Amino acid sequence: RALRNKASPLHMLVGDCNPDAPQHWANVRANIGHMHRVVTRHVDNPTLEPGYLERLSTLPGVLGRRLFKGEWCAAEGMVWDSFDSSANMLTPPRTKDGRVDYQALGIKWFFGAQDWGHTKPGSLSCYGVDGDGRIYRVAQYYARGRDMEWWADKLAELDKEFDLRVVVADPARPDCIGDFNKRLVMEKGIGGVCRPANNAKTTLKKGDISGLDLVR
C-alpha cells in the first residue's frame, strides 16, 4: 500500500528488523526473492561497546540466537518451551544398507504411545529406550479424520518393525484399546500389549502441569 504512488523515479520501501521466526513474512519474502535482504549483525556496529555485546551473548536459547547471532529461528514448542532442535534432535547413525542403526544408539527396547483423535489430530508414536534410560522418538503418525482401522494398521506396521514391548494409550477410549489388542493378537498372537495410561500422577490440583513437570 505504501508503494502505490509510482510517480517518483525512486520507488522503494526500506525497513529494518531483528530476526524472528523462520515463517515470518519478511523472512519468507526475502527467501523467495521478493525483497532484497541486507544482513547485518550487532558485531558489525562499531559504536557498540564490548560489554553490551557480551551481555547479548549471554541471552538464552532462541532469544540469543536471534539478537546476538542474527538467526531466523523459532521457539519450537509452545508447551515444551525448552525444546531445542539442535539439542533434542539428532541425525541417527545408519547401517551400510541405509537403515537407521538403533543398536549403535544403544537402544534396547521399544514402546508405543497413542493419543486418540478424530476431529482433532491423533498421535501414535514409537520410542526406543537405551541402556541409560534415555528415550528417543523413532517414528510417529500424526493425523486427523482417521478411523480406528487406520490407526490399527499403523500400530501393526510399527510393531512389525520394532516389536513393541508395550503400547500406552489414553484411557479415555477403552474400546479403542480393546481394538488395538485384538489387532496385536492377530499380528503376533499376544494380547494385552496395549494398556491404558495411568493418569493418577497427573490428576492433581495443578492439572496438566503436573504431567508436564514429570516429563521434564
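This is a predicted model: local features need pLDDT of at least 70, side-chain atom pairs count only at pLDDT 80 or more; totals for chains, interfaces and linings use all residues.
Reader: Why is valine 14 called exposed?

Author: The relative accessible area of valine 14 is 70%. Exposed means over 50%, so valine 14 is exposed. Valine 14 lies in the segment before α1 (25-31).

Reader: What makes Leu10, Met12 and Val14 a nonpolar surface patch?

Author: Patch residues need over 30% relative accessible area and no salt bridge, and nonpolar side chains are joined within 5 Å. Leu10, Met12 and Val14 make such a patch, of about 370 Å². For valine 14 the value is 70%, so the area condition is met there.

Reader: How do you know that the length of helix α5 agrees with what it should span?

Author: Helix α5 covers residues 148-162, which is 15 residues. The expected span is 1.5 Å times one less than the number of residues, and for α5 this gives 21 Å. The end C-alpha atoms are 21 Å apart, so the two values agree.

Reader: Which residues of α5 are buried, and what covers them?

Author: Buried residues in α5 are Met148, Trp151, Ala152, Lys154, Leu155, Ala156, Leu158, Asp159 and Phe162. Their cover includes the strands β1 (107-115), β2 (122-130), β3 (135-143) and β4 (166-169), together with helix α6 (174-188).

Reader: Which members of the largest nonpolar core touch the most other members?

Author: Phe162, Leu164 and Phe180 do, in a core of 24 residues. Two or more residues come from each of β1, β2, β3, α5, β4 and α6. The most come from α5, which gives six. In general, nonpolar side chains tend to be buried together in soluble globular proteins.

Reader: What is phenylalanine 162 in contact with, leaving aside neighbours within four places in sequence?

Author: Phenylalanine 162 is in contact with Tyr102, Phe110, Cys126, Val138 and Ala139. Contact here means heavy atoms within 4.5 Å.

Reader: Why is the pair of arginine 65 and glutamate 71 called a salt bridge?

Author: Their closest N and O atoms are 2.8 Å apart. The limit is 4 Å, so the pair counts as a salt bridge. Arginine 65, at 23%, is partly exposed, and glutamate 71, at 27%, is partly exposed as well.

Reader: What makes arginine 99 and aspartate 97 a salt bridge?

Author: The N to O distance is 3.8 Å, which is within 4 Å, so this pair also counts. Arginine 99 is exposed at 62%, and aspartate 97 is exposed at 56%.

Reader: How many salt bridges does the structure hold, and which residues form a network of them?

Author: The structure holds 11 salt bridges. A network of salt bridges links Asp130, Asp132 and Arg134.

Conventions:
Residues are numbered from 1 along each chain as its sequence is written. Side-chain values use heavy atoms; hydrogens and water are left out. Patches are made of residues with over 30% relative accessible area and no salt bridge: like charges are joined within 9 Å, nonpolar side chains (Val, Leu, Ile, Met, Phe, Trp, Tyr) within 5 Å. Accessible areas come from the Shrake-Rupley method with a 1.4 Å probe; for residues, only the protein chains shown count as cover. A salt bridge is a side-chain nitrogen of Lys or Arg within 4 Å of a carboxyl oxygen of Asp or Glu. Helices (H or I, at least four residues) and strands (E, at least two) are DSSP runs, numbered from the N terminus. Buried means under 20% relative accessible area, exposed over 50%, partly exposed in between (1.4 Å probe, protein chains only). A nonpolar core is a set of buried Ala, Val, Leu, Ile, Met, Phe, Trp, Tyr and Cys residues joined through side-chain atoms within 4.5 Å.
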